[in-house]
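Visitor: Can you walk me through this one? I'll ask as I go.

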Amino acid sequence: MKQCDITETIVNSIEKKIFDEWKHEGYIDGFTSCEAYAVIDGKRYRFTVQEVPLHE
């Protein structure tokens, strides 16, 4: 699976769960292949997708 596909899925999940279902104020503030930014209730968050060894 590509890292960018995982990041895009996280963005879609944030939109559906936090904004649509839970009705919090905010928006997606951009994303790249490995990071997503969101403003939720006036606070900005960064979500990072990074591959790590299986047994870290």
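Visitor: Lysine 23 first. Buried or exposed?
Guide: Lysine 23 counts as exposed, because its relative accessibility is 62% and the cut-off for exposed is over 50%. Keep in mind that this is a predicted model.

Visitor: Where does lysine 23 sit?
Guide: Lysine 23 is in the loop between helix H1 (3-21) and strand E1.

Visitor: What is the phi of lysine 23?
Guide: Phi is positive there, about 65°, although lysine 23 is not a glycine. Most residues other than glycine have a negative phi.

Visitor: How accessible is aspartate 41?
Guide: Aspartate 41 has 43% relative accessibility, so it counts as partly exposed.

Visitor: On to the strands, then. In which sense do E1 and E2 pair, parallel or antiparallel?
Guide: E1 (residues 26-31) and E2 pair in the antiparallel sense, over four bridges. Within that pairing, tyrosine 27 stands opposite valine 39 in E2.

Visitor: How many bridges join E2 to E3?
Guide: Six bridges join them, and E2 and E3 (residues 43-48) run antiparallel. Here alanine 36 stands opposite phenylalanine 47 in E3.

Visitor: And how many residues of E2 are buried?
Guide: Five of the six residues in E2 (residues 35-40) are buried, which leaves the strand mostly covered.

Visitor: Changing topic: charges. How many salt bridges are there in the whole structure?
Guide: A search of the whole structure gives three. In general, side chains of opposite charge can pair when their charged atoms come close.

Visitor: Start with the helix. What does glutamate 21 pair with?
Guide: Glutamate 21 forms a salt bridge with lysine 17, and the closest N and O atoms are 3.2 Å apart. Both residues lie in helix H1, four residues apart, about one turn of the helix. Lysine 17 is partly exposed, at a relative accessible area of 35%.

Visitor: What about aspartate 29, which residue is its partner?
Guide: Aspartate 29 forms a salt bridge with arginine 44, with 2.8 Å between the closest N and O atoms. Aspartate 29 lies in strand E1 and arginine 44 in strand E3, so the pair ties together parts that are 15 residues apart in sequence.

Visitor: How exposed are those two?
Guide: Aspartate 29 is partly exposed, with a relative accessible area of 32%, whereas arginine 44 is exposed, at 52%.

Visitor: And what does arginine 46 meet?
Guide: The side chain of arginine 46 meets that of glutamate 35 in a salt bridge, 4.0 Å from N to O. Arginine 46 is in strand E3 and glutamate 35 in strand E2, so this pair ties together parts that are eleven residues apart in sequence.

Visitor: Arginine 46, buried or exposed?
Guide: Arginine 46 is exposed, with a relative accessible area of 55%.

Key. Residues numbered from 1 in each chain as written. Predicted model: local features only at pLDDT ≥ 70, side-chain atom pairs only at ≥ 80, totals over all residues. Heavy atoms only, no water. Buried < 20%, exposed > 50% of the residue type's maximum accessible area, 1.4 Å probe, protein only. Helix = DSSP H or I, 4+ residues; strand = E, 2+ residues; numbered from the N terminus. Pairing = 2+ DSSP bridges.
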